[in-house]
Amino acid sequence: PAAGGQYWSAAGVLFSLVDWLIGWRRISSAGSNELDPQIQSDIVTASNFNQTQLPELVTLVLELLLDPNGSGFQEKLGEFASTNGVNAPALKNVARGLVIFFRGATKHNLAPAQVAADCESLGLSEEATGAIKECWEKYYAGLAGAQVDKTIMANQVIDMEWKFGVTAASNQVAQVGATFLHLKLVIDRGNGRHEDVFMEMSLPQFFQFMADMEKAKTHLDFLSS
């Protein structure tokens, strides 16, 4: 029926966030077939830093991803270049590669062992891989939580309207006199964009919809705690 189809289509929109949250799948964040060769080369160059410099650089990048507005990244990167006698443009290229790498790791919720495996596949040295893995162990939980918060904030239901009706005429006798619900949801898609989602459902579908919403809320509360 049309009502049922509209119900599941709209419910699919609402539950896409939940599906993403509870259905994270491991996809290589920086496989050689996914990266521009120059970016891959920049990442591999991180192996040239010693065991004091590399953790410091990686920490700067992870702090940037965790708090883009308050990390003071550009200033700290300049200080790092000056203190360690590193060519500033070359350092920026390495930092850019690491930002891309860790963004992918954050997006796909990679565990430290998975990040280390990707580092090895990219050709980083054993020492560099170990240093990156150790830094990721300290930050990945916080970055994953920040990713969840951003997604939730960009898919909020900000308004809802509904009205009940009764079918007065239909080519199906059983539908005459049946109660239905019109529902309008306004969803914040982020960046000031709002989307209206319309649904029409029978009372049994409405009650199932409410039960599904309670289930979704339970999942979100768990993942955000």
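Start at Arg96, which counts as partly exposed because its relative accessibility is 38%, between the 20% limit for buried and the 50% limit for exposed. This is a predicted model, so please read each detail as computed. The side chain of Arg96 forms a salt bridge with that of Asp42, with 2.8 Å from N to O. Asp42 sits in helix α2 (residues 37–44) and Arg96 in helix α5 (residues 88–107), so the pair, 54 residues apart, links distant parts of the chain.

How many salt bridges does the count come to? There are two, and the other joins the side chains of Lys184 and Asp196 at 3.9 Å, N to O. Here the link runs between strands: Lys184 belongs to strand β2 (residues 179–190) and Asp196 to strand β3 (residues 193–202), 12 residues apart. Lys184 is partly exposed at 22% relative accessibility, and Asp196 is partly exposed at 40%.

Now step back to the whole chain. It has eight helices and three strands, running α-α-α-α-α-α-α-β-β-β-α from the N terminus. Of its 225 residues, 38% count as buried. The chain exposes about 12,800 Å², with carbon and sulfur atoms supplying 53% of that area.

Finally, a look at confidence. The mean pLDDT is 76, and 70% of the residues reach 70 or more. Confidence is highest in helix α6 (residues 112–122), at a mean of 92, and lowest in helix α1 (residues 2–22), at 39. Over residues 1–33 the pLDDT is below 50, although this stretch has 69 contacts in the model beyond near neighbours in sequence.

Terms used. Residues are numbered from 1 along each chain as its sequence is written. This is a predicted model: local features need pLDDT of at least 70, side-chain atom pairs count only at pLDDT 80 or more; totals for chains, interfaces and linings use all residues. Side-chain values use heavy atoms; hydrogens and water are left out. pLDDT is the predictor's confidence in each residue, from 0 to 100. Helices (H or I, at least four residues) and strands (E, at least two) are DSSP runs, numbered from the N terminus. Contact means heavy atoms within 4.5 Å. Buried means under 20% relative accessible area, exposed over 50%, partly exposed in between (1.4 Å probe, protein chains only). Accessible areas come from the Shrake-Rupley method with a 1.4 Å probe; for residues, only the protein chains shown count as cover. A salt bridge is a side-chain nitrogen of Lys or Arg within 4 Å of a carboxyl oxygen of Asp or Glu.
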